[in-house]
Amino acid sequence: MAFVFETALNLLGFVVGLALGIFSYIGFKNTGSPTLFRLNIAFFSIGIGFGVVGFGYMVESFILNYAQLDSWIQTLGIGIQTIGYFFIAFSHGIKSFFPKSRYFKSIIFPLFIIPGNSIEHIIRSISFILLVYGTIETIMSYMENRKRSTIFVAAGLGLLALGEFLGWYSIIFPKSILYFVSLSTKIIGLGALFIPISQVPLRGGLKLGGNI
Amino acid sequence: MSIIGDILSTTRDEAPDESGASVTYLIRKANVSYGRLAKILETLVQQGLLEQTTSDRACKYRISSRGRDFLQAYRGFREFADSFGLRI
């Protein structure tokens, strides 16, 4: 029963993420704005991440009839979602950095000697940091513009961060209700990001050239 | 992007007369240099967002219907980006 709920929630996340991605894409097509392009990538990644987990589990369970579900599907899905969270944080001005060789080795090599399920938790912690960053930046923006929709977005990102934290925390209590709660919190958070869409008229179809 | 929004808003809402806004007027409103404004205006005319008119031997610019649609979409999506604490 829990499996059905988890799959349904993942598929709901897929639909919500995709809808937000399509909306951002319409915005990008209408205005040519790089910010909306980054949001478009972010929401598509988040939606696809949920979709990979939801559809992956469905295929393994109903088509391949696996008794034990592969954990790499979960890791892959969360990894794709993290890309989305990165683009949200990146839009707020995170400076990307690529460590020089000596440091690069110290960061990358450990990833290959740790067990597979630990990678999932590393990815979750990265997602958590990115989402907390995005939440703080959005709250700072709310302090400036005092827009009600901004506080909904901050709450949405905050709930996504809490969901990732609970998902990461489920390492201590595997097979508990924590994962289900984590997934539900993330879906509610994603839903809160829908609030600003209600304010936008979906008209036009113009795009400016890149030479402006 | 915000400069484009400012230029289109000025030509729609604050043009001094029917023939449109002059380059000098737009420089003052958009707060950009002549060189940069000239490039932006050229692109906006090419894209069909602005119409170039000549009045009293001076070049003036007025918003087109396509420009009005763009401005409406721009304002809507600017609200959306603002909600995320971002600049469009």
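Modeller: A residue is called buried under 20% relative accessible area, exposed over 50%, and partly exposed in between, with a 1.4 Å probe and the protein chains only. This is a predicted model, in which local features need pLDDT of at least 70 and side-chain atom pairs count only at pLDDT 80 or more, while totals for chains, interfaces and linings use all residues. Residues are numbered from 1 along each chain as its sequence is written, chains are lettered from A and ligands numbered from 1 in the order in which they are written, and side-chain values use heavy atoms, leaving out hydrogens and water.

Let us begin with the aromatic rings, of which the structure holds 13 pairs over all chains (centres within 6.5 Å, for rings of Phe, Tyr and the six-membered ring of Trp; planes under 30 degrees apart are stacked, over 60 edge-to-face, the rest tilted). One of them joins A:Tyr25 and A:Phe28, a tilted pair with 6.4 Å from centre to centre and 45° between the planes. These two residues are 3 residues apart in helix H1 (residues 2–31) of chain A, and are therefore separated by about one helical turn; helices here are DSSP runs of H or I with at least four residues, numbered from the N terminus. A:Tyr25 is partly exposed, with a relative accessible area of 39%, whereas A:Phe28, at 16%, counts as buried.

Another pair, A:Phe43 with B:Phe84, is edge-to-face, with 5.8 Å between the centres and 65° between the planes. This pair crosses between chains, from helix H2 (residues 34–63) of chain A, which holds A:Phe43, to the segment after helix H4 (65–83) of chain B, where B:Phe84 lies. Both A:Phe43 and B:Phe84 are buried, and together with A:Phe23, B:Phe77 and B:Phe80 they form one aromatic cluster.

By contrast, A:Ile129, found in helix H5 of chain A, is exposed, with a relative accessible area of 56%.
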